[in-house]
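Please read this report beside the sequence and the model. It covers aromatic contacts, the ligand site and some backbone features.

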Amino acid sequence: MSVVLETNVPGAVLFRRGKVRDVYEVGSDRLVIVASDRLSAFDVVLPTPIPDKGRVLTQLSNHWFERTAHIVPNHIVETDGSRLPTAFSQVAELQGRSVLVRRCERIDIECVARGYISGSAWAEYQTDGTVANERLPAGLRESERLPDPIFTPATKAVTGHDENISRAQLAAVVGKEVARRLEEATLALYRYAHAYALGRGLILADTKFEFGFDGTGALTLIDEALTPDSSRYWDAARWQPGETPTSYDKQFVRDFLVAAGWNKEPPAPVLPEDVVRGTTERYRECYRKLTGLELGAK
Ligand SMILES: Nc1ncnc2c1ncn2[C@@H]1O[C@H](COP(=O)(O)OP(=O)(O)OP(=O)(O)O)[C@@H](O)[C@H]1O
Ligand SMILES: [Mg+2]
């Protein structure tokens, strides 16, 4: 087990510190992405790290990048910690949570695929009968599987919540051809991962991808892929339309924060031991179910 709240790698140039990842520059065209154990809930980073979370996110993303490269090329250059640039390969705490990637020009869109109706999509459907402004069949129940997976892009808001945009708005922002390719790649990735996860007892209800253009102009899958932070996974055996399934994401932590009466303004409360332990366990379990491996056993 390892715990990393924030990294400071001597001799490396920080490119940006996100809510969860510390990203370093390597030359002009590569980055090293280090996933910390920070957890953000309601868009606020909590003061308490979740041991091994960053290792789960990194190794699960690697698992998916390897298996989906035939669908869309991704940013990964090196996942073996001992073969990262020296500043990183020699730091024990960075092992298993760091990757070398191609630095891409990011497309500032959250590419969301939904195969089931849940969360904000369920809320919108209940009031308007639509999801991201597109009409869905009447009579759907919460958590029900959609007749076909749908693509619901959103803008990446600098502050506050991402905002859904229509496919026409997306085309206006990125161009018709890129919009078409983002939709096609997002849905193809979703279909593949949904089938794969189902074979391992999990339902991939929805997920979010980020894309960019690499140095040669090729459309590239970047960031993280199909992790519990970017996806809603449910236990297939317990899924029941009409109910709210427990997911492998941060619901456990969110429930604690709501019960604690936190007003969702920083600073967030410190998490108690048992919530931390339970959260680590859920992340590890998600990894175990999807890969069939114990974390770090490879
Ligand atoms: N290959 C890549 N090239 C360029 N940027 C990348 C690449 N992969 C990931 N990123 C960016 O690195 C950052 C990863 O950090 P993290 O996920 O913690 O950010 P975040 O808080 O979610 O921020 P954001 O709102 O910018 O996504 C993100 O901004 C992501 O878009
Ligand atoms: Mg992110």
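## A buried aromatic pair

F209 and F211 are both buried. Buried means under 20% relative accessible area, exposed means over 50%, and partly exposed lies in between (1.4 Å probe, protein chains only). The two residues form a tilted aromatic pair, with 6.4 Å centre to centre and 55 degrees between the planes. Rings of Phe, Tyr and Trp (its six-membered ring) pair if their centres lie within 6.5 Å; planes under 30 degrees apart count as stacked, over 60 as edge-to-face and the rest as tilted.

## Basis of the model

This is a predicted model: local features need pLDDT of at least 70, side-chain atom pairs count only at pLDDT 80 or more, and totals for chains, interfaces and linings use all residues. Residues are numbered from 1 along each chain as its sequence is written, chains are lettered from A and ligands numbered from 1 in the order in which they are written, and side-chain values use heavy atoms, with hydrogens and water left out.

## Other aromatic contacts

A search of the whole structure finds eight aromatic pairs. The ring centres of F42 and W262 are 6.3 Å apart and their planes are at 55 degrees, so this pair is tilted. The pair links distant parts of the chain, 220 residues apart. F42 sits in the loop between strand 4 (40-41) and strand 5 (44-45). W262 sits in the loop between helix 6 (251-259) and helix 7 (273-291). Helices (H or I, at least four residues) and strands (E, at least two) are DSSP runs, numbered from the N terminus.

Why is F42 counted as partly exposed? Its relative accessibility is 27%. W262 counts as buried, because its value is 12%. K264 lies over the face of F42, at 4.3 Å from the ring centre. A charge sits over a ring if NZ of Lys or CZ of Arg is within 6 Å of the ring centre and within 35 degrees of the ring normal. W64, Y192 and Y196 form one aromatic cluster. The charged end of R200 sits over the ring of Y196, 3.9 Å from its centre.

## Ligand 1

There are 18 residues around ligand 1 (a heavy atom within 4 Å). K19, R21, R106, K156 and E210 come nearest. By class, this shell has seven nonpolar, two polar and nine charged residues. Ala, Val, Leu, Ile, Met, Phe, Trp, Tyr, Cys and Pro count as nonpolar, Asp, Glu, Lys and Arg as charged, and the others, Gly among them, as polar.

For H75, a polar side-chain atom lies 2.9 Å from a ligand nitrogen. For R102, a backbone N or O atom lies 2.9 Å from one. For C104, a backbone N or O atom lies 3.0 Å from one. The protein covers 89% of the 600 Å² of accessible area that ligand 1 has on its own (Shrake-Rupley method, 1.4 Å probe). Strand 2 (21-26), strand 3 (30-35) and strand 7 (98-102) are the elements that give two or more residues to the shell.

## Backbone features

P266 and P267 are joined by a cis peptide bond, with omega about 0 degrees. P267 lies in the loop between helix 6 and helix 7.

D52 has phi near 75 degrees, a positive value in a residue other than glycine. D52 is in the loop between strand 5 and helix 1 (53-68). At 0% relative accessibility, D52 counts as buried. N133 has phi near 70 degrees, again positive in a non-glycine residue. N133 lies in the loop between strand 10 (130-131) and strand 11 (134-135). Its relative accessibility is 66%, so N133 counts as exposed.

Methods:
Polar contact = N/O pair within 3.5 Å; in protein donor to acceptor, adjacent residues only side chain to side chain.
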